[in-house]
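Visitor: Please take me through this chain in short questions and answers.

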Amino acid sequence: MARLENESGIRRSQYSRTDNRRTYAYVDGNTARKLQHAPAEKKNQTTSSNTAVRRRASRRAGMNMGYVLFLTASALITVFMCVNFLSLQAECTKLRREVTNLEVKLDSAKLENDSDYESIMTGIDMEHVKDVAMNKLGMDYAKKGQIVTYSRNDSDYVRQYQDVPEE
């Protein structure tokens, strides 16, 4: 910003800025002045085409054989990794479907077992079994001295490999 005083004593400020190859000047004061237009710039077509040619040449100069081989190798590695990823994803999807099918089979087997158990249990009269065991076979309830307890080792059942020692 420049402040100037002319011969009449009026102060003016000049601001200049460049915007799209034009220069504007602003003058402070209370009188309107005639604008002076800047001469039009001549477009030199040869210089713009020369710069474009230089840009293309510099781009081509960057594409030497080593750079091309590097780009080719990285593209091949990328394609290989994408194909490998897709094959692993397909295998994972296949295994999920197989697990789902096995779970469905397990559920159907459990339902079948439960229905078979219920049909067996409804067909057996437990009071009749108890009556036959006690009256015909001579069985009776165990007394306190006849019960022997064992500790289990994280399994659902106990296997007897030997006779139980009598104390």
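Guide: A residue is called buried when its relative accessible area is under 20%, exposed when over 50%, and partly exposed in between. The model is predicted.

Visitor: What percentage of the residues in the chain is buried?
Guide: The chain has 167 residues. Under the cut-off of 20% relative accessible area, the buried share comes to 2%.

Visitor: In which order do strands and helices follow along the sequence?
Guide: The chain holds three helices and three strands. Read along the sequence, the pattern is β-β-β-α-α-α.

Visitor: Among contacts between residues at least 6 apart in sequence, what share joins residues at least 24 apart?
Guide: The count takes in contacts of the chain between residues at least 6 apart in sequence. Of these, the share that joins residues at least 24 apart is 2%.

Visitor: What is the mean pLDDT of the chain?
Guide: A pLDDT of 70 or more is reached by 68% of the residues. Over residues 12-16 the pLDDT is below 50, and this stretch has 24 contacts in the model beyond near neighbours in sequence. For the chain, the mean pLDDT is 79.

Visitor: How many disulfides does the structure have?
Guide: A disulfide is a covalent bond between the sulfur atoms of two cysteines. Cysteine 82 has a relative accessible area of 44% and is therefore partly exposed. Cysteine 92, at 34%, is also partly exposed. The search of the whole structure gives a disulfide count of zero.

Visitor: Which residues form the salt bridge?
Guide: Side chains of opposite charge can pair when their charged atoms come close. The structure holds one salt bridge, with an N to O distance of 3.9 Å.

Visitor: What distance separates the C-alpha atoms of valine 148 and proline 165?
Guide: Valine 148 is placed in the segment after helix H3 (126-136). With 44% relative accessibility, valine 148 is partly exposed. Proline 165 is 17 residues from valine 148 along the chain, and their C-alpha atoms are separated by 9.9 Å.

Note on methods:
Residues numbered from 1 in each chain as written. Predicted model: local features only at pLDDT ≥ 70, side-chain atom pairs only at ≥ 80, totals over all residues. Heavy atoms only, no water. Disulfide = S-S within 2.5 Å. Buried < 20%, exposed > 50% of the residue type's maximum accessible area, 1.4 Å probe, protein only. Salt bridge = Lys/Arg side-chain N within 4 Å of Asp/Glu carboxyl O. pLDDT = per-residue confidence, 0-100. Contact = heavy atoms within 4.5 Å. Helix = DSSP H or I, 4+ residues; strand = E, 2+ residues; numbered from the N terminus.
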